[in-house]
Amino acid sequence: MSKDNNSMIWDYLVFVIFVIASSFVAVYSRFFGPKEKTKADYVFAAGKVSMFAMMLSIARGTLGVRSFLGYPSELFYRGSAMWETLYGMVLAYPIVCFVFVPVYFSLGITSVYQYLDMRFKSRLVRCLASGTYVIRQMLNQGVTVFTPCVALNTVIGIPYWASIFGISIISIIFNLLGGLKAAILADVMQGLTMIAICVAIIIQGCVEAGGFGNVFNITQRDGRLNFFNWNLDPTARVTTTSAVLGQLFMSVSIFGCQQNFVQRYCSMDSQKKVTKTLMWNIPVITVLFSLSWVVGMVVYAVYASCDPLTSGYIKKYDEILPFFVEDRFSYLPGILGLFMASLFNGALSLNVSILNSLATVAFEDFVRPLPFLKGLTDSKQLLCIKLISVIFGFIIMGISFLIGLLDGVIESSMLVTSATSGPLLGVFIMAILIPVANWKGASIGVMVGHIIILWITFGGLTVDKPPAAKLPLHTDGCSNSSFNDHILKLEHRTASWTPTTTISPYTIYNDPLAPLNTTRAEKSDPLTALYSITYMYYSILGCIITVLVGWTVSFFTASEADQYDEELIHPWARKMAHWFPGKKRQYVSKALIEEPKGKMKRNSSVASSSTATHSKQDLEVEKKSDVTNGTVNAGYSPDMPMEEVNGTYKTKL
C-alpha cells in the first residue's frame, strides 16, 4: 500500500458505500419486490428476470473475477494467446442452444443432474455427475473468494480474514433473502460497474499513450498481439489450436452441463426466449471478454518503457491493474475504493450464484432422496435448500482461508477444472446424443475418464515442463516521472535511475505450477510426453475417453431393461439412431390421441416395443407421483398448462 491512511479516506468511504449499496439489492428484493413463495421462486426466480439482466448475468458468470485481474496481466507479461479462447467460447453457445437446451427445457427439472437419472434410470450416474460439479465448484469458489483479497490487502490494507469473512457472510445473507433473483440483480450491478471501470481505464491509458493507435502499435511492436499460432505441439502452454478446441469443450461443459447456467435457462418463460438470449449473448460476451484484454493493452502501452514488476514496485503479475489504478487515478479521490469494491462485489455476486446452485444440486441429488425426508412440502424443501446454502457458504469460507495458507492452489484448481470438464461433458453427450448408451456404460465411462485425466493432471506435476516463454520487459525509460509522486520511492526521485530487477516466483493464473519442486524425466519416456500435455487439452481427452468407454460398454451390455422415454434424447439422435451399430433402438413412449367426441383414448407408440399410454387424467396423477418421488421439479404443478406436440403432451415451463 503506497498511500497513507489520510489520503485514502475517500477510497475507504467509497468502498464501504458501494458494498452496502450492492447488499441492499437483496434486501430490497426480499422486502419490497415480489414475494418468494415457492421453491421455484427461489431456484428459478419464477421467470421474473428480464432478458437483458439474464444476458449480463450469464456473461458475468462466464468471465468471473479472475478475468478482471488476470487477463490484463496475462497480456502484459505473456501476450494475447489466451485471448483466442474467445473463439471456442463463442462456438459453444449455438451448440448449447440447439443441442442441450431443447432436451432440458420441457422436462421441468430442478437440478440438471435429474435429467441423467431420468435418462439412465440410475442414481449412481446422477450422483457421479453432481458430485463432480459440487467438488469442482467448491474448490473454484474458494479461489474466487480469495482472489480479490490479495489486491484488497495489498492496495488498501484490508486483512485477508476480513475480506473472506465479509464476502462469505454477505453471500449467505443474499441467498437467504433473494435466491437466484438476488444473484442475477447483483450480477447486473457488478457487471455494469466493471464495464464502467474498464472504459475509464482505457480512456485514461489512451490519453497518456497518445491515442489508441499508439496503444496498438506499441503492444504489437513488443510482441503482445501475436494471433493465429496454429502450432500443433500438445505441450505448448496455449496456441490458437489448443485455445479453440480446449475452450470449446470446456465451455460446452460449463454452459450445457453446469447447474448454475442451466438453472438460468430454465428460469425463462419459453425456449424461444432462451435461444434468443444465448444467441444475443455472443456479442455481449465478445465485448466483455475483450474489454479486459484491451485494458491490458493500454496498461502495457503506459508502462512499456518502465515495467513496475521489474523495477520492484509490484511483487506479483496480477497486481499490475490495481497498481495502474492507484498510480494513474490519484487525481480522482475514491476511484481506487470503487475499483476494490468492484473486485469485492465481483467475488460476492459469483458466490451468491454458486451457493444457490450448489444448494439446489445437493438437495435434489443427495438430500431429497433420503427415506425420512419423503413427503416434504414445498415450503420445507425451500427451507432445506436455504440451510444447505448456509453450510456451503461456511465450507467455501474455510477453503478460502486454506488457500491463503498454501502455494500454487490457484493453478491447481484451474487444472482440476479443466480435468473434470471432459468427463462431465462426456456423460451428457452420451445421454443426449447416443441412444444405445445405458447406465452401465455411462457410470464406467465417467469413472474411467476421471481416473485417467486426473492421473495425467497430477502426473504432470511430477515432471519439469518447459517454462512458458516470457515476453521482453523494459526499464530503460524509468525516471522520476514514470510513476506518480505518492508511489515513487525515495531513491527514485532523481532525474534518472537504474531499477533493481526483481525476480518473482509467482506465476499468473492458468500457468503451470512452475514453483513446485519437480524432476525432469528423459524426453524419450512416454509418460513424460503424456504428462507434458498442456491442460488446455484435458477437457477434450476426458470427453473422448468417457464417450468411447461408455459407448463400448453400453454396446456390449445392452438389454431390454435399458428402455427409456424417447423424449429424453435429442430429435436428431432419434433420426440418426439406425445409422449406428447395435440392436434396434427401443423406447418407452407415451402418446395421447383425442377422439372426435373429445375423450382421450389409449394408443401405442409406433417407436416402442413396450409402451405405456394414459389418459390426460392418468398423466396428471402420474405427474403428481413424479413430483412426490423427486422425478420432476416439485415447483411445477400438474395443473400447469400443457401443449400438444406431435400427439405428445408436454408441460409448459
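Which residues of α5 are buried? They are V112, Y113, Q114, Y115, L116, D117, M118, R119 and F120. Buried here means under 20% relative accessible area, exposed means over 50%, and partly exposed is in between, with a 1.4 Å probe and protein chains only.

Some ground rules before I go on. This is a predicted model, where local features need pLDDT of at least 70, side-chain atom pairs count only at pLDDT 80 or more, and totals for chains, interfaces and linings use all residues. Residues are numbered from 1 along each chain as its sequence is written, and side-chain values use heavy atoms, with hydrogens and water left out.

The overall picture. The protein chain has 20 helices and 4 strands. These are DSSP runs, numbered from the N terminus: helices are H or I with at least four residues, strands are E with at least two. Of the 653 residues of the chain, 58% count as buried. Take the contacts in the chain with a separation of 6 or more: residues 24 or more positions apart account for 82% of them. Contact means heavy atoms within 4.5 Å.

Back to α5. Just after α5, K121 takes a positive phi of about 50 degrees. Within the helix, R119 is one of the buried residues. R119 lies over the face of Y564, at 3.8 Å from the ring centre. The test for a charge over a ring: NZ of Lys or CZ of Arg within 6 Å of the ring centre and within 35 degrees of the ring normal.

Next, helix packing around α4. Axes are lines fitted to C-alpha atoms, for helices over the stretch in contact, and angles run from 0 to 180 degrees between N-to-C directions. Under 35 degrees counts as roughly parallel, over 145 as roughly antiparallel, 65 to 115 as roughly perpendicular, and the rest as oblique.

α4 covers residues 85–105, and α10 covers residues 259–266. Their axes come within 11 Å and cross at roughly 70 degrees. α4 and α10 are therefore roughly perpendicular. V96, V101, Y104 and F105 of α4 meet V262, Y265 and C266 of α10.

What about α4 and α11? They pack at an angle of about 165 degrees, with their axes 10 Å apart. So these two are roughly antiparallel to each other. Their crossing is right-handed. On handedness: left-handed means the near helix is turned anticlockwise from the far one by less than a right angle, and right-handed means clockwise. The α4 side of this contact includes V96, and the α11 side includes T275 and L278.

Look at V96 itself. V96 is found in α4 and is buried, at 1% relative accessibility. Leaving out residues up to four places away in sequence, V96 touches V101, P102, V252, F255, G256, Y265 and L278. The C-alpha atoms of V96 and T275 are separated by 9.3 Å, though they are 179 residues apart along the chain.

A loop residue next. D318 sits in the loop between α11 (271–303) and α12 (320–328). D318 is buried, at 5% relative accessibility. F68 is 250 residues away from D318 along the chain, and their C-alpha atoms are 9.7 Å apart.

Now the aromatics. A pair of aromatic rings is described by the distance of the centres and the angle of the planes. Rings of Phe, Tyr and Trp (its six-membered ring) pair if their centres lie within 6.5 Å; planes under 30 degrees apart count as stacked, over 60 as edge-to-face and the rest as tilted. How many aromatic pairs does a search of the whole structure find? The count is 29. One of them joins F227 and F228: the centres are 6.4 Å apart and the planes at 55 degrees, so the pair is tilted. F227 is partly exposed at 31%, while F228 is exposed at 53%.

W455 lies in α16 (residues 439–459) and Y531 in α17 (residues 526–531), so the pair ties together parts 76 residues apart in sequence. W455 is partly exposed at 42%, and Y531 is buried at 11%. Ring pairs also link Y71, W83, Y87, F227, F228, F289 and W293 into a cluster.

Last, α16 again. The axes of α16 and α18 (residues 538–557) come within 7 Å and cross at roughly 150 degrees. That makes α16 roughly antiparallel to α18. This crossing is right-handed. Among the contact residues are G445, G449 and I453 of α16, and G542, V549 and G550 of α18.
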